[in-house]
Amino acid sequence: MNQQASLFDFEPPPKLTDRIFFAIAPDAAAIAAVGALTATLKAQHAMQGQPIAEAKLHCTLCNLGDFAGMPDTLIARASAAATQVAGATLPFVASFETAQTFVNRARNRPFVLTGGDGVIGVAALYRNLNSALHKAGIPGNPASYTPHVTLLYDDVTAPPQGVAPVEWTVREFVLLHSHIGQARPYNVLARFRMPSA
């Protein structure tokens, strides 16, 4: 009996509570533009999803992953790699002028802003950051990348449509900490800016 019980006596995997990722965030004027645009598009498509909170609006760059607790050593290594990238890529203007649904699951799909030539700078920052992370021994992000800002999640599928551009000058990118499954605001772990002359 004891032997049989021991076969099932194992520790469940730890609960993943902390997500760490790099991102750029819109400035105040862009946040206001996103809010107005989201309200218009939500009504136009009869969507029911709640708009993303202003404090959480962002365009994800590279993900470090989900963890059970804070991976301090990884954060330090990733931050050192990111510091090398900021001076080579900032500043630039990011402009998002297309709204569409990402059809990546059956329900509750992301309704996002994407861009064409206006997000070339974002894509270049992603490539440079991803390369620096790889050199630091931190793989895991795909070669392909579609810069986007999520407006809300909804079951309605909206085809791509042109919208008034939402743009801002990107002067920094940030390393963010998200509490998985909680409505708490992101913690900014580090900011990466062009070094001052």
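Asp66 is partly exposed, with a relative accessible area of 31% (buried means under 20%, exposed over 50%, partly exposed in between, with a 1.4 Å probe and protein chains only). The model is predicted, so local features need pLDDT of at least 70 and side-chain atom pairs count only at pLDDT 80 or more, while totals for chains, interfaces and linings use all residues. Residues are numbered from 1 along each chain as its sequence is written, and side-chain values use heavy atoms, with hydrogens and water left out.

Asp66 forms a salt bridge with Arg19 (2.7 Å, N to O); the term denotes a side-chain nitrogen of Lys or Arg within 4 Å of a carboxyl oxygen of Asp or Glu. The pair links strand 1 (residues 18–24), which holds Arg19, to strand 2 (residues 59–67), which holds Asp66, across 47 residues. Strands (E, at least two residues) and helices (H or I, at least four) are DSSP runs, numbered from the N terminus. Arg19 is likewise partly exposed, at 32% relative accessibility.

The structure holds four salt bridges. Among them, Glu172 meets Arg191 at 2.6 Å, N to O, and Arg193 at 2.9 Å, N to O. Arg193 lies in strand 8 and Glu172 in strand 7, so this pair ties together parts that are 21 residues apart in sequence. Shared partners join Glu172, Arg191 and Arg193 into one network.

In helix 2, the buried residues are Ala30, Ile31, Val34, Leu37, Thr38, Leu41 and Lys42. They cover an arc of only 130° around the axis, which puts them on the same side of helix 2; the arc is that of the directions from the helix axis to the C-beta atoms. The face turned away from the buried side of helix 2 carries the exposed residues Ala28, Ala29 and Ala43.
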